[in-house]
Amino acid sequence: MKSANLKKLRKAMEKELNHKRYEHTLSVAYTAANLAMVHSSDTYKALIAGLLHDCAKCISDKKLIAICEKHSIDISEVEMNNPSALLHAKVGAVLANEKYGINDEGILNAIKYHTTGRPDMSKLEKILYIADYIEPGRKHAPNLKQIRAMAYQDLDKTLLKILEDTLSYLMSAGGQIDPMTKETYEYYRKEILL
Ligand code: DGI
Ligand code: FE
Ligand code: FE
């Protein structure tokens, strides 16, 4: 039953996503499963969350906005300016539920917060956020070697490092920062100092 479900979702993603995004999706799913094994979390949930996390990534900005409106999801100014980068996570959680039949709140929240994170994340949320950043196909982020090693030791410290590097990147590239990204960073900075 579980393997049939995984196969079905994998096939659905192969159809829905472009080739590069599909390859990334598989890499995130297996990296998330590895992290779940190391950190004593549910491997099956990690696989499902990984397989579906970018299910809304190949949807046009116009359609992402329309889906948010249909589901009464508020769109902030930063989200409206960067629909693909930011809204694919929120819309992905909606589609994972409605189109792909996932009811598990933990998996849906991991998808919803996989781009910005949020304060006080669940273990599955942290695993997906980190897997998305470190999967083997990622090449351009700074400090990847160090972050990949950290991920198998300490999830919170890894999260903080990724958030720090993401914020530096966004500031240097002139990208608008989503308040949730900043809040997540501040939360884990304080948490780790304690
Ligand atoms: O969908 P992926 O490319 O696999 O990765 P992702 O969902 O983590 O992030 C998508 C992009 O969003 C990535 O280039 C980083 C960016 N991002 C993360 N936080 C923010 C952000 N972009 C803006 N503008 N503001 C943020 O706070
Ligand atoms: Fe994403
Ligand atoms: Fe991704």
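Is Tyr152 buried, exposed or partly exposed? Tyr152 is partly exposed, with a relative accessible area of 30%; buried means under 20%, exposed over 50%, and partly exposed in between, with a 1.4 Å probe and protein chains only.

1. Basis. This is a predicted model, in which local features need pLDDT of at least 70, side-chain atom pairs count only at pLDDT 80 or more, and totals for chains, interfaces and linings use all residues. Residues are numbered from 1 along each chain as its sequence is written, chains are lettered from A and ligands numbered from 1 in the order in which they are written, and side-chain values use heavy atoms, with hydrogens and water left out.

2. Iron ion (ligand 3). His24 (NE2), His53 (NE2), Asp54 (OD) and Asp132 (OD) are the protein donors of this ion, at 2.2 to 2.3 Å. Donors are N, O and S atoms within 2.8 Å of the metal (3.2 Å for Na, K and Ca); water is not among the atoms, so sites may look incomplete. Along the chain the spacing of these donors is H-x28-H-D-x77-D.

3. Iron ion (ligand 2). Asp54 (OD), His88 (NE2) and His114 (NE2) coordinate the iron ion (ligand 2) at 2.1 to 2.2 Å. The sequence spacing of its donor residues is D-x33-H-x25-H.

4. The bridge. Asp54 bridges the iron ion (ligand 2) and the iron ion (ligand 3), which lie 3.5 Å apart. Asp54, in the loop between α3 (43-52) and α4 (61-70), and His88, in helix α6 (residues 83-98), link distant parts of the chain, 34 residues apart. Helices (H or I, at least four residues) are DSSP runs, numbered from the N terminus. Asp54 is buried at 2% relative accessible area, and His88 is also buried, at 2%. His53 is buried as well.

5. Aromatic pair. One aromatic pair is found in a search of the whole structure. The ring centres of Tyr187 and Tyr188 are 4.9 Å apart and the planes are at 75°, so the pair is edge-to-face. Rings of Phe, Tyr and Trp (its six-membered ring) pair if their centres lie within 6.5 Å; planes under 30 degrees apart count as stacked, over 60 as edge-to-face and the rest as tilted. Tyr187 is partly exposed, at 26% relative accessible area, whereas Tyr188 is buried, at 2%.

6. Charge over a ring. Lys2 lies over the face of Tyr44, 4.6 Å from the ring centre. The criterion is NZ of Lys or CZ of Arg within 6 Å of the ring centre and within 35 degrees of the ring normal.

7. Position of Tyr152. Tyr152 lies in the loop between α9 (144-151) and α10 (155-173).

Notes
Helix = DSSP H or I, 4+ residues; strand = E, 2+ residues; numbered from the N terminus.
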